[in-house]
Amino acid sequence: MDKPKGAEFWNQRYQERDIFGLAPNDFIKEMAGHIPKGRVLCLAEGEGRNALYLASLGYKVTAVDFSWVGLEHAQTLAQSRKLNLTTICQDLTTFDLGEAQWQGIISVFFHIPSPERHLIHQKVIRALAPQGVFLLEAFRPDQMELREAASGRTGGPSQLDRFANLANLQEELKGLDILLGQECNRQLDEGRYHQGLSAVVQVMAKKT
C-alpha cells in the first residue's frame with residue numbers, strides 16, 4: 001500500500017477507532033438517494049462510515065484517504081458487514097480522480113488550505129459523469145467560535161483558511177449546478193470528536 005507523508009496525526013488519532021462514530025453523516029444519509037446508481041468516490045473517508053453506508057445501498061464505492069490506519073479499519077468493517085469497498089491510500093492533492101467516471105462524489109468534513117481545496121474541487125468537476133452528484137458538508141468559519149466554546153469537542157480545524165463558506169464553494173464549483181446550498185447551525189452527534197452545536201455549510205451539486 002502506498003503510504004503518503006504527512007498522515008501521522010490521523011494515523012495516531014485513528015488508533016482510537018470509531019472516532020467519528022460508525023453511523024453515516026446525517027447529510028449524506030438524507031441526500032444519498034439523489035446519487036444515480038453506479039460508482040461513488042468518497043474523499044478523505046477515514047474509517048469509512050459514509051462509504052460503507054453507500055455500499056450498503058448498492059453503490060460501487062471507492063474510499064480515498066492518506067491515513068492507512070483509517071482505511072484498514074474501513075476494510076475490517078467492510079468484511080464484517082460483507083460489503084465490497086475499494087480503498088486507496090493517497091494524498092488527495094496528488095490523486096487523479098479521473099474524468100467523467102463517477103456517478104457520485106462525497107466530501108464530509110474534509111478541511112485543507114483553500115488553494116488545495118479549490119484544486120480538488122476542479123478535479124471533482126472533471127471527474128463527475130454527466131448527471132453525477134457531488135455532496136459536501138463542511139465546517140464554516142463560525143465554527144471556530146463554537147469549537148473554542150466547546151473546548152474542541154465539536155470538531156473542525158484550528159486554522160481559519162481551512163474553513164469554507166457557501167460563497168467560496170459556489171465559486172469553486174462553477175461548472176456544476178448547485179441544487180442545494182445552505183449555511184446552518186446544527187447539532188452533531190458523530191463519535192467523540194463531533195459533538196454539539198456546529199456551524200456547517202452543505203452543498204448538493206449536479207453535473208449536466
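The following legends describe close-up views of a predicted model.

The model is predicted, with local features requiring pLDDT of at least 70 and side-chain atom pairs counting only at pLDDT 80 or more, whereas totals for chains, interfaces and linings use all residues. Residues are numbered from 1 along each chain as its sequence is written, and side-chain values use heavy atoms, with hydrogens and water left out.

**View 1**
Helices (H or I, at least four residues) and strands (E, at least two) are DSSP runs numbered from the N terminus; two strands pair if DSSP finds at least two bridges between them. Strand β1 (residues 39–43) pairs with β2 in the parallel sense over five bridges. In this pairing arginine 39 stands opposite lysine 60, and valine 40 stands opposite valine 61. β1 is also joined to strand β4 (residues 102–108) by four bridges, and these two strands run parallel; leucine 43 has serine 107 of β4 as its bridge partner. β2 in turn pairs with strand β3 (residues 86–89) in the parallel sense over four bridges, where valine 64 stands opposite isoleucine 88.

A crossover is right-handed if, with the strands pointing away from the viewer, the path from the first strand over the helix to the second runs clockwise. β1, helix α3 (residues 49–56) and β2 make a right-handed β-α-β unit. From β2 the chain crosses through helix α4 (residues 68–80) to β3, and this β-α-β crossover is likewise right-handed. Residues are classed by relative accessible area as buried (under 20%), exposed (over 50%) or partly exposed (in between), using a 1.4 Å probe and protein chains only. Because five of the six residues of β2 (residues 60–65) are buried, this strand is largely enclosed by the rest of the structure. β1 is mostly covered, with four of its five residues buried.

**View 1. Helix α3 and its packing.**
Seven of the eight residues of α3 are buried, and the helix is mostly covered. The buried residues are Arg49, Asn50, Ala51, Leu52, Tyr53, Leu54 and Ala55. They pack against α2 (26–31), β1, β2, α4, β4 and β6 (177–190), contact being defined as heavy atoms within 4.5 Å. Glycine 58, which follows α3, has a positive phi near 105°.

On a 1 Å grid over the protein atoms alone, a pocket is an open set of points with protein on both sides within 12 Å along at least five of seven lines, while a cavity is a set of points where a 1.4 Å probe fits but cannot get out; lining residues have an atom within 4 Å of a point. Grid points are joined across faces, edges and corners, and a volume is the space filled by probe spheres set on the points. The largest pocket holds about 930 Å³ of space. Its lining comprises 37 residues, of which Phe9, Trp10, Phe109, Phe110 and His111 lie nearest the centre. α1 (8–14) and α3 each supply at least two lining residues, and α1 gives the most, with four. Ala, Val, Leu, Ile, Met, Phe, Trp, Tyr, Cys and Pro count as nonpolar, Asp, Glu, Lys and Arg as charged, and the others, Gly among them, as polar. On this basis the pocket lining divides into 15 nonpolar, 13 polar and nine charged residues.

The structure holds one cavity of 30 Å³ or more. The largest cavity has a volume of about 100 Å³ and is lined by 14 residues, of which Ser107, Phe110, Arg117, His121 and Leu136 lie nearest its centre. The elements giving two or more residues to this lining are α5 (114–127) and β5 (128–139). Nine residues of the cavity lining are nonpolar, three are polar and two are charged.

β5 and β7 pair in the antiparallel sense over seven bridges, with valine 203 of β7 as the bridge partner of leucine 136. β6 and β7 run antiparallel and are joined by 13 bridges. Their hairpin has three residues between the strands, and glycine 191 takes a positive phi near 65° there. Glutamine 195 lies in strand β7 (residues 194–206) and is the bridge partner of aspartate 189. Because its relative accessibility is 25%, glutamine 195 counts as partly exposed. Apart from neighbours within four places in sequence, glutamine 195 is in contact with Arg153, Thr154, Leu188, Asp189 and Glu190.
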